[in-house]
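Dear colleague,

Please find the structure below, handed over for your records. My notes on what was found in it follow directly after.

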Amino acid sequence: MYFPDYRPRRMRKNDNFRRMVRETKLSVDDFIYPLFTVPGKGVKKPIGAMPGNFQMSVDHIVKEAKKAKDKGVPGVLLFGIPDKKDEVASGAFAKDGIIQKAVKEIKSQVPEILVITDVCLCEYTSHGHCGMLEGEDVDNDSTLEVLMETAVSHAKAGADMVAPSAMMDGQIGAIREGLDEAGFDRVPIMAYSAKYASCFYGPFREAAESAPQFGDRKTYQMDPANSDEAMREITLDVEEGADVIMVKPALPYLDIIRRAREEFDLPLAAYNVSGEFAMIKAAANMGWLDGERAMMESLTAIKRAGADIIITYFALDAAGILGHG
């Protein structure tokens with residue numbers, strides 16, 4: 001097909017034509033909405049680097065979950081900030097921990113929405129790393145037991161799905177075994193399979209109060225330069241029993257999303273992380289670009305690359321544009 005016989009503009013000349021031949025259709029069904037919960041009551045503290053997002057006590061988290069449900073968003077992803085931190089992350093698996101309380105309340109008051117829980121330790125350790133320390137090194141194997149115990153405690157509280165993000169080798173297998181032995185064989189695992197050591201997590205670390213107190217996370221999160229390694233990481237998680245695989249961040253790693261989509265047939269999630277959100281918000285605030293169009297274009301790009309599920313702080317705003325609430 002060559003010009004002038006073929007003229008691609010014929011099918012772009014009005015909105016109805018464009019809608020009719022649109023290849024990628026973004027839907028509110030694609031979204032998971034991340035939320036940050038803290039102890040107390042009546043707490044709704046703005047997160048400076050993430051306009052429109054808050055650290056919220058459980059009563060406000062329940063209201064936000066209801067708002068998400070009313071807009072058609074299928075699920076929320078919970079991150080907890082405890083009142084006390086220690087070396088062994090005891091708040092992560094405490095029966096009355098902040099995530100456990102939030103899960104119980106949401107499932108009690110908004111049972112229709114899926115509650116997914118982050119399974120990591122960085123928010124709960126006094127040193128801010130994602131695992132148990134041996135000197136200044138994160139010890140992989142001793143961390144697995146704590147991650148497993150944390151995941152089981154979330155399932156006991158009523159979590160619909162757990163999402164391990166610590167990037168410890170073998171974490172999916174350990175958590176799957178722990179859940180099954182505790183009678184939660186029907187609780188799926190969304191694996192942070194290819195999670196890169198990215199600077200785009202900066203605003204999140206403010207929100208979750210989870211910045212490491214020394215060093216960095218490059219010994220357990222992936223090198224941004226690597227693609228083949230991501231496929232090996234995903235393969236390991238699939239073999240260990242992951243139900244959903246994930247690439248994080250999303251926009252700087254669209255090639256990884258596309259490659260994962262081509263090589264694996266499990267549901268594929270992508271995390272549109274805090275830094276991606278903050279850049280668009282900041283540029284829109286300065287009048288440098290149209291914030292709504294940039295939001296929708298970015299989310300569409302993530303879907304076009306191959307993601308089935310998009311974890312995004314834009315979930316409610318995008319749902320409104322898509323005609324939900």
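A residue counts as buried when its relative accessible area is under 20%. Met-167 has a relative accessible area of 5%, and is therefore buried. Please note that this is a predicted model.

Met-167 is located in the loop that runs between strand S8 (161–164) and helix H6 (171–181). Its phi is positive, near 60°, although the residue is not a glycine.

Ala-89 also has a positive phi, of about 60°, and is likewise not a glycine. Ala-89 sits in the loop between strand S4 (75–80) and helix H3 (90–93). With a relative accessible area of 0%, Ala-89 is buried.

Leaving aside residues up to four places away in sequence, the contacts of Met-190 include Ile-32, Ile-116, Met-161, Val-162 and Ala-163. Among the others that Met-190 touches are Pro-164, Val-244, Met-246, Ala-269 and Ile-311.

Finally, two cis peptide bonds deserve mention. One joins Phe-3 to Pro-4, with omega near 10°; Pro-4 belongs to the segment before helix H1 (15–20). The other joins Lys-248 to Pro-249, with omega near -5°. Pro-249 lies in the loop between strand S10 (244–248) and helix H9 (254–263).

Yours sincerely

Technical notes: Residues are numbered from 1 along each chain as its sequence is written. This is a predicted model: local features need pLDDT of at least 70, side-chain atom pairs count only at pLDDT 80 or more; totals for chains, interfaces and linings use all residues. Side-chain values use heavy atoms; hydrogens and water are left out. Contact means heavy atoms within 4.5 Å. Helices (H or I, at least four residues) and strands (E, at least two) are DSSP runs, numbered from the N terminus. Buried means under 20% relative accessible area, exposed over 50%, partly exposed in between (1.4 Å probe, protein chains only).
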